[in-house]
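Colleague: Could you please take me through the model that follows?

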Amino acid sequence: MDVFARGQYSNRLDFSRNELTGALGDSVTVLPVVVAAAALTDLSLSRLLLGFAVFQVVWGLHYGLPISVEPMKALAALVIAGSLTTSELAFAGLLAGGILLAVGATGTLARIERYVGQPVIRGVQLAVGLVLLETGVRLSLDGVWYALLALAVVGISVAIGQRRASTLAVLAVGIGIGLGQTGLPDPHLPTAALALPSTAGLSSDSIGATVAQLAMTVGNAAVATSLLLSDYYDADVSADDLASSMGAMNLLAVPLGAMPMCHGSGGVAGKYAFGARTAGANLILGILYALAAVVAVGAIAAFPLAMLGVVLAVIAVELGRAGLETDSLSLTVGIGVLGVVTNVGVAFVVGIAAYLLRKRFRDD
């Protein structure tokens, strides 16, 4: 399969106002995580943004649809929380990419999915949300007045019916504060450099994080995204095809300093809800990310971390809400709590065992 063949599903491109607002709807799931990762680690904001810019365009043209390109949230949350080093993050991204490419190319995703029950996937989401929530609260307490300002912005956004845009509103205010302290940044072209992760990236933490991320990827980035593309756009995009494109994307992008990336049902839903109907939204968003990669570097250094903590807490709550939409609340909550007490990889493995035992006894 040629994962880069142009216009496999549609050749229609539109650049209307609806495509612009749809593009911004997808950015809700990306920008807060990317800004947090750049602010709290040694990852380059320019390279992270450029990675999303390139692959918004690549997959938009390939599928001919307003498909999403998002951070791998489990990996992103763990590196933001300090549970993974950046070297471990890169190793996990490459490992996940290799597995996804192999799984998608051999058409085995449907067979794997039946062993990873919905309560297990939701439990991993809940665990990641709880880890991220702890980090958000800790950061917020380091600058209470900034945190209260961010909470006020979130409250106003919710009150006027713009809950999904609340994190972007906080980012806009925080960047405004940062620019007020540093002035307008000088344009800066990101440098391209190949940087494979060191052997220190191979650890039990990186392997466990990869396993946990794959659990979320199977359910949300592959299966759920495939269903949404069918429901919204009447497009026949298989989960295995999406797995192949995610695998290729990470094997190409991570060695260049990009964040591990995936597709996602949340981004597709965001694009659709805000008006996107063609791949024009992807091209618009790719251009906006590229422009941000050139001019946004200076602002991030002065971004108030306490406000960023509120952003992370809001994202954590959204992940937690999704996690609690489960067929087995007790199993999901148990996996979520175990993920916080140990790590999400251990919680995923234990969760699968518990799910299969529960299913076996129910079938008997």
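**A loop threonine, the core and a surface patch**

Modeller: The side chain of T41 reaches the backbone nitrogen of L43 at 3.1 Å. Please note that this is a predicted model.

Colleague: Which backbone oxygen does the side chain of T41 reach?

Modeller: T41 is found in the loop between α2 (31–40) and α3 (45–63). From there, the side chain of T41 reaches a backbone oxygen at 2.5 Å, and that oxygen belongs to A37.

Colleague: Does T41 count as buried or exposed?

Modeller: Leaving aside residues up to four places away in sequence, T41 touches V79 and T86. The cut-off for a buried residue is under 20% relative accessible area. T41 has 18% relative accessibility, and therefore T41 counts as buried.

Colleague: Which residues does I80 touch, not counting residues up to four places away in sequence?

Modeller: I80 is among the residues with the most contacts inside the largest nonpolar core. With residues up to four places away in sequence not counted, I80 touches V33, A36, A37, L40, L132, T135 and L312.

Colleague: Which helix gives the most to the nonpolar patch on the surface?

Modeller: The patch has about 900 Å² of accessible area together, and its residues include L133 and V337. Both α7 (118–140) and α16 (329–341) supply at least two residues of the patch. The helix that gives the most, with five residues, is α16.

How values were computed
Residues are numbered from 1 along each chain as its sequence is written. This is a predicted model: local features need pLDDT of at least 70, side-chain atom pairs count only at pLDDT 80 or more; totals for chains, interfaces and linings use all residues. Side-chain values use heavy atoms; hydrogens and water are left out. A nonpolar core is a set of buried Ala, Val, Leu, Ile, Met, Phe, Trp, Tyr and Cys residues joined through side-chain atoms within 4.5 Å. Buried means under 20% relative accessible area, exposed over 50%, partly exposed in between (1.4 Å probe, protein chains only). Contact means heavy atoms within 4.5 Å. Helices (H or I, at least four residues) and strands (E, at least two) are DSSP runs, numbered from the N terminus. A polar contact is a pair of N or O atoms within 3.5 Å; within protein, one must be able to donate a hydrogen and the other to accept it, and residues adjacent in sequence count only if both atoms are side-chain atoms. Patches are made of residues with over 30% relative accessible area and no salt bridge: like charges are joined within 9 Å, nonpolar side chains (Val, Leu, Ile, Met, Phe, Trp, Tyr) within 5 Å. Accessible areas come from the Shrake-Rupley method with a 1.4 Å probe; for residues, only the protein chains shown count as cover. A salt bridge is a side-chain nitrogen of Lys or Arg within 4 Å of a carboxyl oxygen of Asp or Glu.
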